[in-house]
Amino acid sequence: MNRFERVLSWQGFPISAAKTKLEQIIRALKNNAQDYTETSKWNIFNYHKFHNSHYRHLLNNQPISCWEDIPIMTKQDLQVSLEQRLSKDFSAKSVYVNKTSGSSGHPFTFAKDKPAHALTWAHIISLYQQHDIDMSQSYEARFYGIPKDFISNKKERLKDVFAHRFRFDIFDLSDDKLEGFLKEFKRKPFELINGYTSSIVMFAKYLKAKHINLKTACPSLKACITTSEMLFDSDRRLLEEVLGVTIINEYGASELDVIAFENTEGEWQINNKTLLVEVVDDHHNVLPNGEEGHLVVTSLYNKAHPFIRYKIGDVGVISKKSTAEHQILKKLTGRTNQFAILPSGKRIPALSFYYVTKSVIEDSGDVKEIKVIQETEAEFKIEYVSENELTDRQKNKITKAIETYLEPNLKVSFKKFTTLERSKSGKLKQFISKLNQHA
């Protein structure tokens, strides 16, 4: 058992047993993936039906004759105290407790029983190993937020020491700070970059402007894992070029597990070991592979807290090439509560608006980051980080592109910043709507 696993074990998370359990799950999937999934999903459903009073209340005595009869859980269903949501024989002191970031608009505290949390870590360790990353040995450059209050900050720093990682302060991404980042890479034998996509992309843009390849500056570097925010194709190309290492895209949710992780074939492989991932339409009907809909996830091993057919708030597509054993996430569109509503009544995914703006604005000069804010149905404000103000010609080009791809007569204003405001967790919210809308 390595240092990282010993720390988990000291904290009461049975990591050795979890690694053995994961091996059993992998064998069961290879033997008969469909049987494994069927048995596991009904086991966890029946467990919470009989041991969790809050979940029984959500079921509301509905007759359940097949899996699709089970009602979809939403984040609104979890807006009660944690104690009310815990299963019988579990308490807040006997489980792993954490909070979601609230990026969906509904932050809440959640719990995992300790074997389930250990299984999550066993799974993550195995995902990293396929890319030749040893979590206990590979020194990690961590581009994540960190609490500002003294005690929480010191706790995170201590965890970083035990987990063999160095955390960069992503709340300040000025050129002076990014130069400091580069000096750390030149001094420390980092093997892995892991963190929020927007912050890593910002660092890469700084490096490109300086004509620096990070792999040359830090030869020990092996890979970069982007997470928590969308990774656009243009940003992936930039990262591959400037960082000089393999880019691995991760999609997960803190209350669940890693949901999809890029494998060595470049596929976004869905986690069917500890989760069941479904795609449903607006009426909660299960969609066939290849069709876009709401992602619904079941946590197969968390007995402390039910996540059964849980609507995570994202829209995506499972590839038609998927099998029961090998499922691939073809596309992740974005969050269901992030839509731009236009004067014509057209409702478009916010990321479409953001992407159109981003693709044009980045061709227009030295813009490093952008945020789109919808003030009214017809008015949008674009905040951007750049050394120079956009010219009238550049602004007109961006406005014209927005009209071409979205609709005409939209009013667009621009404001330059030295840095863009981030959430408390350190994520950059790329689109904000001030309209009253409900996901």
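Buried means under 20% relative accessible area, exposed means over 50%, and partly exposed lies in between (1.4 Å probe, protein chains only). You are looking at a predicted model, where local features need pLDDT of at least 70, side-chain atom pairs count only at pLDDT 80 or more, and totals for chains, interfaces and linings use all residues. Residues are numbered from 1 along each chain as its sequence is written, and side-chain values use heavy atoms, with hydrogens and water left out.

**Exercise 1.** Find the salt bridge between Arg 187 and Glu 184, and decide whether each residue is buried or exposed.

*Solution.* 
Step 1: A salt bridge is a side-chain nitrogen of Lys or Arg within 4 Å of a carboxyl oxygen of Asp or Glu. For Arg 187 and Glu 184, the closest N and O atoms are 3.6 Å apart.
Step 2: Both residues sit in helix H7 (residues 175-187), 3 residues apart, so about one helical turn separates them. Helices here are DSSP runs of H or I with at least four residues, strands are E runs of at least two, and both are numbered from the N terminus.
Step 3: Glu 184 is buried at 15% relative accessibility, whereas Arg 187 is exposed at 60%.

**Exercise 2.** Which parts of the chain does the salt bridge of Lys 222 and Glu 191 tie together?

*Solution.* 
Step 1: The N to O distance in this salt bridge is 3.4 Å.
Step 2: Lys 222 lies in the loop between helix H9 (214-217) and strand E6 (223-227), and Glu 191 in the loop between H7 and strand E5 (192-196), so the pair ties together parts 31 residues apart in sequence.
Step 3: Lys 222 is partly exposed, at 35% relative accessibility.

**Exercise 3.** Which residues are linked with Lys 381 in a network of salt bridges?

*Solution.* 
Step 1: Begin with Lys 381 and Glu 375, whose side chains meet at 3.8 Å, N to O.
Step 2: Lys 381 is partly exposed with a relative accessible area of 21%, and Glu 375 is partly exposed with 28%.
Step 3: Glu 383 and Lys 434 join Glu 375 and Lys 381 in the network.
Step 4: For context, a search of the whole structure finds 16 salt bridges.
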